[in-house]
Amino acid sequence: MSQPLVSIGLVTYMHEQYIKDCLESLIGQTYQNIELLILDDASTDATYDVIMSYEQQMRERFPYMTIVRNSCNSGNVSANLNRILKGAKGAYVKTFAGDDAMLPAYVEEVVAFLEQSENEDAILAYTNAYIVNDGFHLGKMPGKKYAYRSHRPYRQKELYEVLLRGDFIIAGTVMMRRRVYEQYGFYDERIPFEDYDLWLRLSRTEKFVYLPSKLMYYRKADTSLTNYCSKNGRDKIKFMIMGGKKVVQKNLKGLDKEKKQFYQQIFFEKYIVAALEAGLWDVAIQILIFMWRKGYHIQAEMYEKVVITAKRSLFNRIK
């Protein structure tokens, strides 16, 4: 029985430290019929050189393979993905980043899962993943930390509103049917969080399925946008708020005013908690003041949490 073609769109930028692991994890897939589409967004480190050092090996491994390099950095992940995926020929498509890596059975297991009769109406599948740091390389044991510890797949009718509360899906674990792009269009190049926007668009009408196997290494590096504990954590969390706000506001269309305010409030409260967990109590206060000025109802517990954290931080500084 022939294997359906799987198209993998890999976008890289300044991934010199990680790209070797990423490429070797792709080459090492147990599934054979893979189309690999690579775009490097004008990295100024050795990312592209490492990619080209694997070119011959990749051309021998994959029946279809394309490498593209931007002449200058666009900084637009959505546009880069659209550029390479518009030519994808696979029945299944997945996007990937150069700082992540797959376990060898990823493609084989996810395709088999989507091919099951009970999942034939699902537009995408997502899996569990190991969370690894900067120091991780293939061949090292990843430890016991993984993305979903007690996770249940959501029913389609609740999926949209669950996603409005926050993006719980790790993008690198997702594989989709190509009809995603045929029916819903490609990524919105006007917003930075292309995956989250697409999940919200799809979740109104489409079924997602979850495979609990841990099939990917998801790297939460110092440079990761969601790692707020790094030295530029303040800039990261502000960028995430601005980008995430655009996605949420765009996808609140069709809801009544009360529900819109409810989900917007949840959005800001989520970042207050994230800021406090990262020790950025001043950022948490700024978000709190913004919410107060905009007339959001802020629970007393949230005020108390921010004030206690700020007092504790100031006290420690004085000591």
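Analyst: Met14 sits in the loop that joins strand E1 (6-12) to helix H1 (19-27), where helices are DSSP runs of H or I with at least four residues and strands are runs of E with at least two, numbered from the N terminus. This is a predicted model, in which local features need pLDDT of at least 70 and side-chain atom pairs count only at pLDDT 80 or more, while totals for chains, interfaces and linings use all residues. Residues are numbered from 1 along each chain as its sequence is written, and side-chain values use heavy atoms, with hydrogens and water left out.

The phi angle of Met14 is near 55°, which is a positive value in a residue other than glycine. Met14 counts as partly exposed because its relative accessibility is 34% (buried means under 20% relative accessible area, exposed over 50%, and partly exposed in between, with a 1.4 Å probe and protein chains only).

Ala42 belongs to the loop between strand E2 (34-40) and helix H2 (47-53). With a relative accessible area of 12%, Ala42 is buried, whereas Met14 is partly exposed. To put the two loops together, Met14 comes between strand E1 and helix H1, and Ala42 comes between strand E2 and helix H2.
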